[in-house]
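Visitor: I have a structure to look at. Could you guide me through a few parts of it?
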Amino acid sequence: MLYIENVSKKYGKTLANDGISFPVQDGEIAILLGPNGAGKSTLIKCIAGLLRFEGKIEIDGWGNKTDKAKALLGYIPEMPAVYDLLTVGEHLEFIRRAYRQEDEAYGEELLRRFELWDKRDKLGKELSKGMQQKLSICCQLAHKPQVIIFDEPMVGLDPHAIKELKAMFRELRKEGRTLLISTHMIDSVEDYWDVAHILINGRVAATKRPDDQQERSLEELFFAITEGDSSEGAKE
């Protein structure tokens, strides 16, 4: 479970996150939607422990900056960061050893699913951006984290990788994992989310579930909020 309570983050005088609170349950896919500059990536980086913030973030009951929480977390950033002088295979081996993960076969399975197995001897610096993104996803799933956060995961991926990633989202949910996906691409998430939080100006402007008895679709609600429908309330 991921628990976020009253999280605020300032950059100088700019308030990027303003008292954000919501949980993400085990076996749930939560979507964080919002236009550029809404505060999505800032919140994701706060959860990952990369930024200082005010408030509370817990991963399975542990403070997000503790070693216990870090061992349970997988973080896929928008911009992949791979090691230039490690091969694809060495990346997975490094992660496996760092997290004391005994299942070597799972890393191989991930590389095969994302069409990187035949690239396992290539260095990180020799990979295209799309391949680096796929490698970043494999690395962060290799230790089988309980809570996984994705920041714009579809950017730069080819159609096959997008198909595999969507299938993996569903598989991870079925296994009881906790997923939070930040994106501004509504059409990339509309068929598998359990709860969506729409951010604007650093705040949660609306929360919606697929079974809400509302006339508006997620896309309609998103544009009503982001394009300034003043009649829209804070919750659907």
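Visitor: What follows H4, and what is its phi?
Guide: Glu115 follows H4, and its phi is positive, near 55°. Helices here are DSSP runs of H or I with at least four residues, strands are runs of E with at least two, and both are numbered from the N terminus. This is a predicted model, in which local features need pLDDT of at least 70, side-chain atom pairs count only at pLDDT 80 or more, and totals for chains, interfaces and linings use all residues. Residues are numbered from 1 along each chain as its sequence is written, and side-chain values use heavy atoms, with hydrogens and water left out.

Visitor: Which residues of H4 are buried?
Guide: In H4, which spans residues 104-113, they are Tyr106, Gly107, Leu110, Leu111 and Arg113. Buried means under 20% relative accessible area, exposed over 50%, and partly exposed in between, with a 1.4 Å probe and protein chains only.

Visitor: Why do they line one face?
Guide: Seen down the axis of H4, the buried residues fall within an arc of 165°, so they line one face of the helix. The arc is that of the directions from the helix axis to the C-beta atoms.

Visitor: And what does the face turned away carry?
Guide: That face of H4 carries the exposed residues Glu104 and Ala105.

Visitor: What do the buried residues of H4 pack against?
Guide: They pack against helices H3 (88-98), H5 (129-141) and H6 (159-174). Contact means heavy atoms within 4.5 Å.

Visitor: New topic: is Glu28 buried or exposed?
Guide: Glu28, found in strand E3 (residues 28-33), is buried, with a relative accessible area of 8%. Among the residues that Glu28 touches, not counting those up to four places away in sequence, are Arg173, Arg177 and Arg209.
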